[in-house]
Amino acid sequence: FGLSYNFYEKSCPQVEDIVRKGLQPIFLTDPTSAPALLRLMFHDCQVQGCDASILVDPGNGNEATEMASSKNLGIRKREIVSMVKSMVEAQCPQQVSCADILILAAREAVAVTGGPRIKVPLGRRDSSHAPSHRLPDALLPPATAGVSEMLNIFTNKGMNLEESVAVLGAHTLGITHCSNLQNRLYSRNNDELRGMEPGFAAFLRLTCQKGPLTSNLSFVLNDPTPFSFDNEYYVNAMRGRGVLKIDAEMVSNPKTAHVMKHFSMNEADFFRAFYSAFVKLSRYGVLTGKQGVIRKNCNQLS
Ligand code: HEM
Ligand SMILES: [Ca+2]
Ligand SMILES: [Ca+2]
């Protein structure tokens, strides 16, 4: 019943070490895996809670799984969680859920890139069924989401204003594909570009040309330091260089503006708010106790 900080104390005391050590060589050889794992956590938790539902592959009657949703464009590295799971299974068979391993992997992604080392409560169970693409279609925010939609999503998870703005600081890592910027860059009346630093607008349009041709192949960096978990996302947004609509709108919206400014000047406060926001996100909609299952393979339901 419920999550706890010593959940695996008896059944798998070394689980956090296995996850950390298993990920080390991956982070070293592929720095893009850290941003991928952090976003993977959000997209799992946002759809039916943090239950590893996003890891299920099609097959065995699950034909259209979550990954068939266009909202999951760019989701990568699901197989890393499966690989770490097999390392955990070798030492603690049938004890540790894929849902917990996914959260621990996201936690390591934040720590290894220079962010806070977040202690997370454990004891999640895995979903025993796979939603179709319709659920993520409806529940994941579109690339065009604004401040009110964003606040709805995160206050719903018990976050206050500071935490809601801080959790978007995850965009200190990683990239955005040009396909997600077409609306913003080529809207008819250009109001999306209002407030954007003109040189940056020109750069975005040059990198992301109009039309679908290369828009899934080209991308821009979410902040100038996409492999470093720092407050550059806020510094950059304050300079009119926010990539996504939400990044820019949080600067101009009177509710969020002062928080953006504060985090751009005070990295420690950003880290503190991100820490508690991450824990709240990681608790969202979890299955515990006798609910759900412990999957053997993360990508298969049984
Ligand atoms: C209203 C909320 C949010 C919106 C609208 C949003 C939107 C997006 C979009 C459109 C991308 C680009 C994906 C691509 O083109 O490949 C992206 C990337 C990313 N997002 Fe978010 N996001 C939101 C919240 C979050 C949260 C809460 C987290 C994590 C805690 C997160 C973590 C990331 C990361 C790490 C990337 C980079 C992924 C990579 O490089 O592979 N986002 N986001
Ligand atoms: Ca899920
Ligand atoms: Ca950064």
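**Exercise 1.** Determine how H1 and H4 are oriented to each other.

*Solution.* The axes of helix H1 (residues 15-29) and helix H4 (residues 98-112) come within 10 Å and cross at roughly 55°. Here axes are lines fitted to C-alpha atoms, for helices over the stretch in contact, and angles run from 0 to 180 degrees between N-to-C directions. Angles under 35 degrees count as roughly parallel, over 145 as roughly antiparallel, 65 to 115 as roughly perpendicular and the rest as oblique. H1 and H4 are therefore oblique to each other. Their crossing is right-handed; a crossing is left-handed if the near helix is turned anticlockwise from the far one by less than a right angle, and right-handed if clockwise.

In H1, the residues Glu-16, Val-19, Arg-20, Leu-23 and Phe-27 meet Ile-101, Leu-104, Ala-105, Glu-108 and Val-112 of H4 (contact: C-beta atoms, placed from the backbone, within 7 Å). By class, this contact of H1 with H4 has seven nonpolar, no polar and three charged residues. Ala, Val, Leu, Ile, Met, Phe, Trp, Tyr, Cys and Pro count as nonpolar, Asp, Glu, Lys and Arg as charged, and the others, Gly among them, as polar.

The model is predicted: local features need pLDDT of at least 70, side-chain atom pairs count only at pLDDT 80 or more, and totals for chains, interfaces and linings use all residues. Residues are numbered from 1 along each chain as its sequence is written, while chains are lettered from A and ligands numbered from 1 in the order in which they are written. Helices (H or I, at least four residues) and strands (E, at least two) are DSSP runs, numbered from the N terminus.

**Exercise 2.** Describe the packing of H1 and H3.

*Solution.* The axes of H1 and helix H3 (residues 78-91) lie 10 Å apart, at an angle of about 135°. H1 and H3 are therefore oblique to each other, and H1 passes H3 in a right-handed crossing. H1 contributes Val-15, Ile-18, Val-19, Gly-22, Leu-23 and Ile-26 to the contact, and H3 contributes Ile-80, Val-84, Met-87, Val-88 and Gln-91. This contact of H1 with H3 has nine nonpolar, two polar and no charged residues.

**Exercise 3.** Which domains divide the protein, and where does ligand 1 lie?

*Solution.* The protein is divided into domain 1 (15-140) and domain 2 (147-278), with bounds from an automatic or database domain assignment. Their C-alpha centres lie 23 Å apart. The contact takes 13 residues from domain 1 and 14 residues from domain 2. H2 gives the largest share of the side of domain 1 that touches domain 2, four residues.

Both domains give residues to the shell around ligand 1, so the ligand lies between them. Of the 25 residues around ligand 1, Pro-35, Gly-74, Ala-170, Gly-174 and His-177 come nearest (near: C-beta atom, placed from the backbone, within 6 Å). Helix H2 (33-45), helix H6 (147-155) and strand S1 (175-177) each supply at least two residues of the shell. H2 gives the most, with five residues. By class, the shell has 16 nonpolar, seven polar and two charged residues.

Methods
Contact = placed C-beta atoms within 7 Å.
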